[in-house]
Structure formats: structure tokens, C-alpha cells
Amino acid sequence: MKSLGRELINKNITDKNSLLNAYLYTSSLSDNPDKSGSLSGTVMGVKDNINIAGMPMTCGSKMLEGYISPYTATVAQRLMDAGAAVAGKLNMDEFAMGSSNTYSAYGDVKNPWDNNRVSGGSSGGSAAAVAAGMCDFALGSDTGGSVRQPAAYCGVYGFKPTYGVLSRYGLTAFASSLDQIGVLSRSAGDIKDIMRVASGRDSQDSTSIDAPEFSATEMTLAGKRIGVIKEYAGSMKPHIRKIYDDLILFIKNNGGEIVELSFPEYDKVVSVYQIIATAEASSNLARFDGVRYTPRSEGADLMEVYLNTRSQLFGPEVRRRIALGTFVLSRKCYDSYYLKAAKVRTLIYNAWHAYFDKADFVLTPTTADIAFKRAEQPDAISLYLEDLFTIPANLTGMPAISFPAGVSNAMPVGFQLCADRLKDSELLSMASLIENKFYNFSMLEKEIEKGRRNSNDNL
Amino acid sequence: MTTYEAVIGLEIHIQIDTKSKAFCRCSTNYGDRQNTNICPVCTGQPGALPVLNSEFIKKAVLFSSAVNCNINLDSTFDRKNYFYPDMPKNYQITQFFKPVAEEGYLEITGSDGQPRKIGIERVHMEEDTGKSLHMGSRTLLNFNRAGLPLIEVVSRPDMKSGAEASEYFKKIYLIAVKYLGICKGNMEEGNLRCDANVSIRPLGSTELFTKAEVKNVNSFSFIQKAIDYEIERQITLVSGGGEVEAETRLWNVKLKQTETMRKKYGRNDYRYFNEPDLGPLRITEDFVKKIKSSLPELPDIRLKKLKEKYGLHAETLELFVNYPYVAAYFEEAAKHYPAGAQKISAWITGELLRLQDKEQIDTAVIKPQMLAELVMMLENKRLTPVQAKDILEIMHKEGKTASAIAEADPRFGKADEINIEDIVKQTLNENSEQLKKYLEGKESLAGFFVGQAVKKSKGMADPALVNEILKKELTNLKKNRE
């Protein structure tokens with residue numbers, strides 16, 4: 001994996017970060033001792049909900065203002081041991097709850113291609129930093145699409161592995177049965193190198209599993225069956241649809257077969273996700289209460305300390321989700337909400353599992369449209385519906401990657417490729433094929449630049 | 001006037017003695033400086049995850065088997081969500097939906113003197129909380145205890161009195177601490193904690209009425225007193241037209257009464273759900289079989305065996321059953337001298353335990369076979385009782401065997417080599433005045449003659465033997481007079 005080099009990365013950070021607000025904390029790169037290893041010389045940015053010992057960790061929240069991580073997350077440690085240096089901690093939607101990175105207590109992250117537009121979230125800082133050359137790759141976290149959606153908005157690759165392949169030890173939990181650390185980069189080819197180092201069973205994470213082998217074998221399209229979900233066809237805007245059609249043509253021209261699939265439960269996906277994710281989050285975020293290691297808002301008694309601290313130091317979106325999660329777990333509601341959602345989750349898993357009898361991969365949009373303007377941000381509930389295409393991979397635990405496929409209105413357009421559980425290596429190989437033969441970051445950069453020059457010429 | 005009966009159930013928390021905590025590698029050592037046995041996991045730092053301690057499951061399954069439970073090969077870990085400063089995560093990892101063991105029982109002797117089975121509804125695994133120390137307006141928190149492994153033993157409401165509850169608690173203690181060694185058994189350190197659920201109902205009814213919880217009564221005697229007080233309180237209340245409230249009460253040791261701690265409005269909603277960081281727990285038949293095969297002989301079986309095999313009486317049996325190491329000592333000694341088993345048991349309870357702490361008997365200087373040899377020598381009349389006692393003390397001090405001591409020390413010359421007849425005759429001759437008085441009717445002087453004879457033998461004569469020979473001699477003398 002090639003690095004941009006520390007000098008250039010440092011320059012990019014200096015030049016761009018005050019505008020983009022991707023990094024909340026930068027470490028002095030000259031401090032990182034050069035280690036030899038397969039990732040030696042590379043520089044990574046780390047989402048600010050992943051612990052790096054000695055560095056601050058805010059999770060985008062006032063609730064962890066001043067917190068210094070007492071230990072390093074397993075995945076980060078493995079990468080550091082292989083030679084990757086940590087450039088700093090990346091901005092994010094508070095406690096990973098959001099699809100815009102406008103819910104951070106430390107300011108919005110701006111989209112590098114258009115500063116009036118959002119970067120996407122919750123790993124907004126990660127996506128922006130990668131797109132703007134402020135690191136070689138970044139770690140994010142993906143619970144309902146938080147790596148893939150900002151990757152699509154920022155024109156980079158965003159990969160969420162099979163659940164359990166990357167250890168969650170050291171990742172601040174949002175929804176434990178859905179969370180995975182994800183990788184963002186400017187090249188799909190780099191991700192395999194990263195996964196080889198970082199993946200695999202961790203004795204400190206009981207949900208981690210043995211990693212599949214990330215082999216170097218190349219992929220071909222000939223004879224591959226690419227599934228497309230017919231219920232999604234109508235959800236693409238015309239300018240997105242055009243790029244999608246180009247991709248379908250490319251697939252067919254290279255010997256791939258398009259297979260139509262049906263996903264009748266698609267309209268349950270967001271509800272199931274919201275119920276399960278907020279339920280688990282309401283429990284995972286209970287520890288932040290002003291008592292042990294967070295800042296404290298004082299009160300006359302214990303209850304007041306809890307109420308004051310949590311209402312003052314959590315932002316409105318976090319409070320909204322904790323309230324919802326508490327509600328769906330309450331005794332009266334458990335059966336009709338949480339238990340039911342868990343059952344429908346199984347149906348969704350079964351549907352997707354069945355797809356891979358008929359197809360080798362499933363192709364979907366990552367988002368319905370390009371990154372929206374900050375001034376035109378949808379309301380909270382509409383924003384939840386944004387996650388429709390990315391959520392299934394979290395509910396099923398299957399691997400998925402968003403890749404840049406074109407440009408529309410001078411903004412990146414990304415699509416998503418999904419595979420069956422433990423087919424992470426094959427998925428990355430196919431993404432590499434698309435990168436090498438159809439479209440990639442370099443082409444995206446040039447196309448957007450060209451578009452800018454053209455519109456400038458027209459002025 | 002309605003007669004009421006009491007309905008009592010106990011929830012006992014047992015701290016399992018493992019080297020490390022339930023879900024992390026921190027030491028479980030008691031008394032270490034506050035907040036030194038902690039890590040990101042047991043202090044609930046962001047990003048930390050639990051990993052199950054395998055010794056914990058083994059000991060949980062071992063105990064559950066000892067109380068006759070069905071072991072669930074598949075069980076769940078679940079989160080019990082509530083806020084409290086000594087809860088690092090503000091949820092406790094426990095087993096709610098499906099515990100590791102269910103449907104067991106423990107036999108006690110009921111208040112009517114008859115054996116009765118007390119049902120055990122479930123045994124489940126969970127983690128302990130940290131400790132709060134209230135100091136005026138401040139509360140100090142120590143997380144050394146947070147994450148320690150606990151099993152909770154929930155009985156069915158089958159007990160009917162404070163005495164029965166106390167016996168049940170004692171037996172659980174005995175099995176966990178003395179027989180299985182899965183708990184250190186130190187009540188001051190909180191190794192076992194007991195909460196009682198108490199309600200009453202008209203005699204003969206099978207309905208269950210509102211219960212009050214009596215919390216943290218951590219001694220066998222207090223449990224009995226607190227429950228009996230609570231029963232009386234409820235009967236008085238209900239007889240007077242009142243109603244028992246669902247509440248938590250604490251036992252006030254000084255005033256000897258239970259007092260309201262907090263009222264329970266409805267039931268607490270803990271929003272239980274499966275712990276996603278651990279997934280379901282699955283153990284195999286083989287795993288369970290292996291653990292069951294390591295069960296020691298349990299108290300009830302041991303009691304029966306000791307009674308039938310050795311005919312020991314109640315007091316001795318109780319001691320042996322309550323102190324399995326003493327029982328083991330006895331059985332080992334009896335192996336070396338089966339015919340003298342009863343005598344050996346008397347020597348253990350009467351003599352050995354005066355010199356030797358029964359809690360440390362497994363490291364006693366006097367080994368079981370050494371005691372057996374001593375008793376054998378006594379039974380064979382090689383030694384007198386007085387000699388044997390003296391030798392025992394020397395054995396305890398110096399660790400030598402009885403035969404070695406007797407060989408080396410002239411004080412312990414062979415008792416059977418002494419001519420007791422001669423000694424008796426000499427004693428009577430030397431005490432002719434007293435002899436005259438005896439023959440005239442003062443028969444109480446017999447004891448005096450025995451004492452003198454034993455003295456004359458320098459303690460080597462067996463007083464019983466002396467007495468026998470003296471009687472013969474005195475009878476002859478009496479006859480000769482007539």
C-alpha cells in the first residue's frame with residue numbers, strides 16, 4: 001500500500017482541517033516511532049469513538065470532553081504494530097448516531113467537494129479526511145451505514161466487514177449486535193492489506209470470529225451473477241440512475257449476469273434497525289452518568305446529578321434515541337417492539353442468505369442521492385430513512401462496501417456491493433475489479449476538477 | 001380466630017472463589033487497596049467488552065449439581081438495566097431468561113422433625129457490583145469488588161419458619177464452603193449474602209399473598225430472628241385488619257426489629273434483553289458429566305454412611321458432617337484400626353480437638369494413622385488412659401509416633417508388666433488404719449485405696465484394673481473376717 005507521505009499529509013491537514021473540521025485531535029506525526037511491518041510508512045486517521053491510549057476520545061460528545069483513552073483498541077493496535085502511524089482522531093456524529101456529521105458537539109464536518117454540503121455520517125471525519133488526503137486510510141465505525149454512507153458522499157471506498165471479523169474491543173459501543181469497525185480509503189486494493197493485519201479473533205471480544213483469508217487472487221466478471229433488488233429500482237433519482245445503468249452495462253459487457261431479486265421486507269428495514277439499535281444504545285450509553293469518568297453537572301441528590309449530567313452533556317439526537325430505546329425495552333413494549341423486531345431481523349437475514357444461492361454479489365445504491373446541502377438537511381425521521389440501503393448488511397452481519405461510481409452535479413455518487421457472510425475477500429476483489437476497470441477515486445477527482453474548471457470557464 | 005402460616009423463600013448470593021473476576025482478568029483478592037484491582041472492563045470504560053471466566057461456569061455447574069438441579073446446556077446471559085453509582089455500566093450482566101440450572105432441591109429437617117425437600121427454583125450466574133462507602137454527604141466508591149463472580153440461588157417459598165430458613169442457609173453454606181470449596185465463606189467479607197421473602201397466609205391455604213423482602217441478613221442467627229420477627233409483625237398487622245405492603249425491610253440488630261427500607265411501587269422494570277456482547281452460553285453433556293464426577297460425598301450421604309457404618313451418635317455425627325475435614329480425618333484413622341473406630345471418634349472429639357484446631361485438622365501434626373496407633377495401644381492395654389493422654393500431647397508437640405515415644409520414655413513402661421496384685425496388697429498393708437475402717441463398713445475408702453495404688457505405681461497402673469483387683473482383694477479380706 002502506497003502512502004502519500006507524511007509531509008504531504010501534514011500539509012493537507014494544516015491547509016484543510018480548519019475548514020473541513022475532520023480532525024478533532026492531531027498527534028504530532030513525528031512522534032510516532034517508525035515501525036517496520038507491512039503497513040510501515042502509512043498514516044491512518046482514527047474515528048473518535050475508537051480508543052488510542054493516551055489520546056483524547058470524545059465520541060463527538062461533550063459527555064467525554066477531556067477523556068483520555070486508558071487503552072488501545074485491538075484493531076488499532078494491530079495496525080500500529082504493523083507500522084501504521086496515527087495522524088489523529090476524527091470527528092463524528094455524537095456517539096455514532098447520525099447520517100450527516102451535523103450532530104457532533106464539536107462542529108460539522110464539511111464535504112471536501114462542496115463545503116456547503118454535509119460529509120455524511122456518522123464517520124464523517126473519516127470520509128472527509130480520506131477524500132482530502134489528510135491520511136492514507138481511516139478507521140470508522142458502521143452500525144447502520146456509518147462508514148459506507150459518508151464514503152459515498154465523499155467519493156471514497158467504505159468497507160464494513162462480516163460481523164465479528166474486526167474486533168470491537170476498544171470501539172465505544174453504540175449497538176453491540178450491529179457495530180463493526182470499518183475501513184475507508186481511496187483504493188479498494190489497500191483495504192485487503194489493512195484487513196490482513198487487523199482482522200481475526202480477539203480473546204478480548206467474545207463476538208469476534210476467525211477471519212476469512214484475504215487472498216490476492218484476482219476476480220473476473222465472467223460468469224459472475226450480480227443480484228439487483230427490484231424494489232429499489234424506483235428509489236434512484238434520474239441523475240443517479242444514469243450512472244447505475246452505465247455500471248450495469250459494464251457488468252454485462254464483461255460477462256457478468258444480472259439477476260433480479262425481490263426484497264419484500266425492505267419497508268421494515270429501518271423500523272427493525274431503529275428498534276434494535278436504539279434499544280442496545282440505551283443500555284450501552286447508560287454508563288455515561290457523571291459519576292465515574294465523565295464530567296459531572298452537579299445536583300442536589302443522585303437523581304439530579306444523573307438528570308442534569310445526561311440532559312446537558314448529551315445532544316438532542318442522542319437523547320432522542322436513548323428515550324426511544326428505553327421505551328422499546330420497557331416491560332409493556334418488549335414483546336411488541338424489541339422481540340418482534342428481533343424476529344423480523346431473522347426474516348431479513350433469511351431473505352438475504354437466500355439471495356446468495358442465486359447471486360454471487362448484490363448491487364444496490366448506497367444512498368438515494370448525492371450529499372445534501374447543510375441548509376437543506378431533512379428532519380430527524382426523514383434522515384433515518386436515508387439508511388435504507390445500508391442497514392440490511394448490519395442486520396444480517398454480511399460484508400458490504402461502498403465504492404465511487406461516478407459524479408453528478410459535481411458531487412460523488414457511490415454504489416454498494418454486498419456479499420454473503422465471510423466472503424469479505426471476494427467482495428474486496430470485485431471492488432478492485434470495478435476500481436481498475438470501471439471507475440475509481442482518481443477518475444472522480446479529475447471529473448470533479450474538470451467540472452469546476454468548466455463551470456468557472458462559463459462564468 | 002384465623003391461624004396463619006408463614007411462607008418463606010430465600011435468595012442467596014454466593015461469591016465464587018476464582019482467581020480472576022467473572023468477565024475480566026482482574027484479581028479478586030479481598031482487602032487490597034481500593035480501586036487497584038480494576039481495568040477498563042470492570043469499570044465500564046467505553047469500548048470495553050466482557051469475556052466469561054471458565055472457572056466460573058465450572059463452579060456454578062458444580063454447585064448446581066450438588067443441589068440436584070437440572071443443568072441447562074443452553075443458557076443466556078442478559079442485561080439487567082438500572083442506575084446506581086456502584087454499577088460500572090449501569091447494567092448488570094446476569095442470567096434472566098434462561099439460567100444455567102433449574103428445579104433442584106435441598107433436604108432439611110422441618111420444624112416437625114420430619115425431613116423435607118426445599119425446592120430450588122434456579123441457580124444463575126451474575127456479576128457483583130462495586131462497594132459504596134457512605135461518609136456523611138459524600139459517597140466513596142471502590143470497584144475492586146465490581147465484576148466478581150456470583151451465583152444466585154433462588155429457593156421456592158417452601159420454608160415455614162425462621163428456624164427452617166436458618167437451617168437451609170446453613171446447609172447451602174456448608175455445601176458451598178466446606179464440601180465444594182467454591183466459596184471462601186467469610187460473612188464479614190460478604191462472601192455469602194441472604195435476602196428473605198416473607199409472607200403469611202391462612203393455615204391450609206395454597207394462595208400466595210403479598211410478600212415483604214428482608215434484606216442482607218448475613219448471619220445464621222439473625223436470619224432466624226429477623227424472619228420470626230417479620231412473621232409476627234405480619235400476623236399482628238393482618239389480624240388487626242391491616243394489609244402487608246410489598247416493601248423492602250432491613251433488620252435492625254440493636255432494636256431487634258425489621259424496618260422499612262424502601263417501598264416497592266409496582267415492580268422494578270429492568271428492561272432485560274439478551275447480552276449481545278456474550279451471545280448464548282452452550283455447554284456440552286461431557287462438560288457436565290466431568291464436573292458431576294468430581295462431586296465429593298455430600299453432607300446427607302456422609303451422615304447416613306457414618307451412622308450406618310460406624311454407629312456414631314448424634315453429636316459426633318453433627319460435628320463430622322459440619323466439618324468434612326474432621327470426618328475425613330476420622331475415616332482415614334478408622335481405616336488403620338477399624339475395630340477401634342468408635343474409640344477413635346471419641347478420642348478425636350474428646351482429646352485431639354482440645355489440642356488441634358478443627359479448621360486446620362488437615363494439616364495436623366498428629367496424622368490419622370498415628371492417632372489410630374495410639375488408640376490401638378490403649379485398647380491393647382499397652383498404655384493406660386492417663387499415659388495415652390500424656391503421649392498425645394507429646395505427639396502434638398514433637399510429631400513423633402506413640403510407639404516411638406513409649407519406647408524411649410521409661411514413664412511409659414509396659415503397663416502389663418506391672419504386678420498390680422502386688423501393688424494392691426502393698427497399698428493395703430501400708431494403709432492398715434484405713435483398711436480397718438473399710439472392713440468396719442466405710443466402703444467409700446475404696447477410692448482412696450485406688451488412688452494410693454496408682455500413685456504407688458507411678459501412674460503406670462490402669463485405675464480400672466486396680467479397682468477390679470482391689471475389689472477382689474477386699475472381698476476376700478471381708479470373707480476371711482467372717
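The second largest pocket holds about 940 Å³ of space; here a pocket is an open set of points on a 1 Å grid over the protein atoms alone, with protein on both sides within 12 Å along at least five of seven lines. Its volume is the space filled by probe spheres set on the points, which are joined across faces, edges and corners. The model is predicted, so local features need pLDDT of at least 70 and side-chain atom pairs count only at pLDDT 80 or more, while totals for chains, interfaces and linings use all residues. Residues are numbered from 1 along each chain as its sequence is written, chains are lettered from A in the order in which they are written, and side-chain values use heavy atoms, leaving out hydrogens and water.

**The second largest pocket**
- Lining residues, meaning those with an atom within 4 Å of a point, number 27 here, and the closest to the centre are Lys171(B), Leu174(B), Glu318(B), Val321(B) and Asn322(B).
- In chain B, β6 (101-109), α2 (162-179), α5 (299-310) and α6 (314-322) each give two or more residues to this lining; helices (H or I, at least four residues) and strands (E, at least two) are DSSP runs numbered from the N terminus.
- With eight residues, α2(B) gives the most.
- The lining comprises 13 nonpolar, five polar and nine charged residues, where Asp, Glu, Lys and Arg count as charged, Ala, Val, Leu, Ile, Met, Phe, Trp, Tyr, Cys and Pro as nonpolar, and the others, Gly among them, as polar.

**Cavities**
- Six cavities of 30 Å³ or more turn up in the whole structure; in a cavity, a 1.4 Å probe fits but cannot get out.
- The largest cavity has about 140 Å³ of space, and of its 21 lining residues the closest to the centre are Val41(B), Cys42(B), Pro50(B), Lys89(B) and Glu127(B).
- The second largest cavity has a volume of about 70 Å³, and the closest to its centre of 14 lining residues are Gly98(A), Ser99(A), Ser146(A), Tyr273(A) and Asp387(A).
- Its lining has four nonpolar, eight polar and two charged residues.

**A closer look at Ser146(A)**
- Ser146(A) sits in the loop between β6 (137-142) and α4 (148-154) of chain A.
- Its relative accessible area is 6%, so Ser146(A) is buried (under 20%, with a 1.4 Å probe and protein chains only).
- The side chains of Ser146(A) and Ser122(A) make a polar contact at 3.0 Å (N or O atoms within 3.5 Å, one able to donate a hydrogen and the other to accept it; residues adjacent in sequence count only if both atoms are side-chain atoms).

Methods. Buried means under 20% relative accessible area, exposed over 50%, partly exposed in between (1.4 Å probe, protein chains only).
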